[in-house]
Amino acid sequence: MSELDPLLLRAFSAARAERPRSGKGKAQTLAALGLSTATATAHASAGAAGGPLAAGGRLLSRWPWWGIGVALVVTSGAVLWAVDEPSAAPAVVSAPATPLASSEADTIAPVLTVDQLPNAAEPPNVANGTKPTEATKAAASTSRRPAGGPALAPESTALATDSLRDEIEAIERASHALSQRRCALARSHLAAYDARFPNGRLRREADVVAIEIAGRSGQIDRARTAARSFVAQFPDTPYALRLAPWLRDDATEEAGSTSVVTCIDAAD
Amino acid sequence: MSANVSNVLPLVGVVDVAREGRLRRSVDEHYLFVWRSLRRLGVPESEADDVAQETFLVFSRKLHTIDASAERGFLFRTATYAAMHAQRKYRRQRTLEESAALLEGDGEHPSVEEDAEREESLVLLDSLLAKLSDDLRVVVILCDLEEMTMTEAAEILSVPAGTVASRLRRARAELSAGMTRIKRSMR
């Protein structure tokens, strides 16, 4: 480096010293990520260390006291309404404040189940607030099983293994293997995902991971064709950024380029 | 099912808080690195914050797949993709307006002359970097500008350290040759 021209070294120094003119961009990035900017670092450490209690405390500290009052009034009204009309679906859904003992839980109709959460699996039949029986649970699991998909063991259906969470975990395994540059392993995890969730809700993510596996394992033409087809099908997809290496005109050279991380088992 | 819910919801909270903390720390630690890398990859200053934001949004979506030790590398690779896209919309060179605005100064800086000199250096460097191939440019950015070791750069670029060393040699030679040409043309 010392042999470099002094002017060039000065330019390097200038580049190292360059900063955004304001902190606005960083603040906007934090906001776009859903993170408040006021006490960024303090919250990060306190939140990570404190767990849900810290999170709850933070939430409380952000709420104005009048807000809590309003919430209490609304909740009271909802409870009174629910008492008057016991057959109606609950107007306010909330998780129990403390974990319930299993025997107690079994006697109380659930106010919110994992399956009823947004983007979760197709909801089981709990119309009119009636308690779902084992039969209805089994029926719901069966109805959610993809046509032609592998039959699931009774134990696993009882645990609703085809929930969104399971689907995420299944695809995460493939993504994680890919991030470790192990394409063969990623491919096998993706095959397991495909077999288990043939009509999965993360199908697009799975397709993109498949293209990435192909591209990173040296199957450039295949990745390129699939990437273009994908973007043609979903023109506004944010996945286009991930597929960018295989959407370029010079994509055939990407495997040897620095902009694509190739797999260490690419030959597999 | 209620028991399951009571077990799952606190876990969801823990996961969310941990994720939030990690995201926040990553932005705190790496924002400047991403921003500077984007600038040297040819993103105009007026767009660098926006492209940095895009980079972190991609990072956020993939957070669960990224090892904590590989965050910087992931961000750099994402930034290179994002810069490539940004270049389709914006010219590589700094705009005249940008340079003029910087030279005019806003009164916050101690020396307008120093700023102008720094700005000249940056324009010079960017023009030289623009002439390098992508492979060589990223090595200069990581090793000479971000002062990473060749091993660190090799890890980020997924190439052997020897490849980084040879690319760095070539890059420096090309930069020096470019500088010589500029000096000759100025005489």
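Which residues does A:Arg182 touch, not counting residues up to four places away in sequence? Here are a few notes on that and on some other spots; please keep in mind that this is a predicted model.

1. **A:Arg182 and its contacts.** To take the opening question: A:Arg182 touches A:Ala177, A:Cys263, A:Ile264 and A:Asp265, leaving aside residues up to four places away in sequence. A:Arg182 itself lies in the loop between H8 and H9 of chain A. Its relative accessibility is 41%, so A:Arg182 counts as partly exposed.

2. Helix H8 (residues 164-179) of chain A packs against helix H9 (residues 183-196) of chain A at an angle of about 165 degrees, and their axes are 7 Å apart. Because of that angle, H8(A) is roughly antiparallel to H9(A), the cut-off being over 145 degrees. The crossing of H8(A) past H9(A) is left-handed.

3. **Who meets whom between H8(A) and H9(A).** On the H8(A) side, the residues that meet H9(A) include A:Asp166, A:Glu167, A:Arg173 and A:Leu178. On the H9(A) side, the partners include A:Cys183, A:His189, A:Tyr193 and A:Arg196.

4. **Chain A as a whole.** You will find 12 helices and zero strands in chain A. Of its 268 residues, 36% count as buried. Looking at contacts in chain A between residues at least 6 apart in sequence, 51% join residues at least 24 apart.

5. **Aromatic pairs.** Over all chains, the structure holds six aromatic pairs. In one of them, the ring centres of B:Phe59 and B:Phe74 are 6.1 Å apart and the planes are at 50 degrees, so this pair is tilted. The pair links distant parts of the chain, with B:Phe59 in helix H2 (residues 45-61) of chain B and B:Phe74 in helix H3 (residues 71-89) of chain B, 15 residues apart. Both B:Phe59 and B:Phe74 are buried. Ring pairs also join them with B:Tyr31 and B:Phe56 into a cluster.

6. **Charges over rings.** In chain A, the charged end of A:Arg204 sits over the ring of A:Phe234, 3.7 Å from the ring's centre. In chain B, the ring of B:Phe33 has the charged end of B:Arg72 over it, 4.1 Å from its centre.

Notes: Residues numbered from 1 in each chain as written. Chains lettered and ligands numbered in written order. Predicted model: local features only at pLDDT ≥ 70, side-chain atom pairs only at ≥ 80, totals over all residues. Heavy atoms only, no water. Phe/Tyr/Trp six-rings, centres within 6.5 Å; stacked < 30°, edge-to-face > 60°. Helix = DSSP H or I, 4+ residues; strand = E, 2+ residues; numbered from the N terminus. Buried < 20%, exposed > 50% of the residue type's maximum accessible area, 1.4 Å probe, protein only. Lys NZ or Arg CZ within 6 Å of the ring centre and 35° of its normal. Axes fitted to C-alpha atoms, helices over the stretch in contact; angles between N-to-C directions. Parallel < 35°, antiparallel > 145°, perpendicular 65-115°, else oblique. Left-handed = near helix turned anticlockwise from the far one by under 90°. Contact = heavy atoms within 4.5 Å.
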